[in-house]
Amino acid sequence: TMPSIFSYQSAEVDWCEGNFERSAVIAEYYNTVSVGTSQGQEGAQRLWALLLGDRTTLFSLLAPLNFLVLEGAGSKSWEFHCLQQPALFPAGVFSTYFHMTLSYVGQLLDELSILWSLAAAYSFWYPEVYFPRFIKSRKQFFWLTGVTTVISTLMSFIKPALNAYALNCIAFHLLYLTWRELKKCDDKRVHRTAAAMVVLWVLAISSWISDRWLCGFWQAINFPYFHSFWHVLIAMSLLYCCPLVIYFDVNYELPSFKPKIRYWPRDSWLVAVPYVALEKPHKQC
């Protein structure tokens, strides 16, 4: 009989870390723990938001799925808050579930939650200046993104082992968009944030490829943990990516607010967390 799609190790892919070596119920212990660690940065970000005070609000830096909501128009200060989309939390849960069980269902839930999260981010944040010529409005772009995502979802069932490669290729398009935007921006802090994002992404994807292609070598020296490094490094890269997206989005949609990239806890620190500060627009008589 065919194994259940929910059963342990029914997925088409496996990673370099040995299975069930440290727990009888967790297939890949360190891969599972590292996913939880990278997702857990969100709680710390909320604390940082409180420390920054009410004049500059820290955006959620880990997840690319946030709406910018303007509030307090009649108050003394203007604040931007972000409402985190429900799509992010399942992505972390499903990734943890996948590495815990290595099940076929876990693999698809992990990959498809990322795909749909990216689709939502593209739908809301993709700059209109880069729309294809046949797209005339954001609503039409929503439909294009939705149809493309549905087709990609169906195709992902054909050869699930290729899904992760396809998802990683989306990063090249994001890097291309970042390069296009940096050509129009001379703010040194924006360039510094982009450079940190790229360096961390290169380290992350190098860890992913190394775990995938050089597994025999890492197992021979008893160090098969590069997929765990991937989880942490890609989360750190997103800490720099999301403020950039927010910065460019505000420049396009609300230029009067004059967004600025700043760093917590100090701008002068070599390693610091970037966030977006917004200046209150001056009212015209």
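Start by selecting His99, His227 and His231, which the unreviewed UniProt entry annotates as "binding site". They span 133 residues in sequence, but no two of their C-alpha atoms are more than 11.4 Å apart, so they gather at one spot. Keep in mind that you're looking at a predicted model.

Next, click on His99. You'll find this histidine in helix H3, residues 88–101. Is His99 buried or exposed? Its relative accessibility is 1%, and buried means under 20%, so His99 counts as buried. Now show what His99 touches: leaving out residues up to four places away in sequence, its contacts include Trp15, Glu28, Asn31, His227 and His231.

Hop over to His227, in helix H9 (residues 226–253). This one is buried as well, with a relative accessible area of 4%. Beyond residues up to four places away in sequence, His227 touches Trp15, Asn31, His99, Trp208 and Asp211.

Now for a helix. Select H6, residues 163–183. At 1.5 Å a residue, its 21 residues should span 30 Å, and the end C-alpha atoms are 32 Å apart, which agrees. Color the buried residues of H6, among them Asn163, Leu167, Ala171, Leu177 and Glu181.

Last stop: which helices do the buried residues of H6 pack against? Select H4 (104–125), H5 (138–156), H7 (188–213) and H9 to see those partners.

Technical notes
Residues are numbered from 1 along each chain as its sequence is written. This is a predicted model: local features need pLDDT of at least 70, side-chain atom pairs count only at pLDDT 80 or more; totals for chains, interfaces and linings use all residues. Side-chain values use heavy atoms; hydrogens and water are left out. UniProt positions are given in the numbering used here, feature names are shortened, and annotations may be inferred rather than shown by experiment. Helices (H or I, at least four residues) and strands (E, at least two) are DSSP runs, numbered from the N terminus. Buried means under 20% relative accessible area, exposed over 50%, partly exposed in between (1.4 Å probe, protein chains only). Contact means heavy atoms within 4.5 Å. The expected span of a helix is 1.5 Å times one less than its number of residues.
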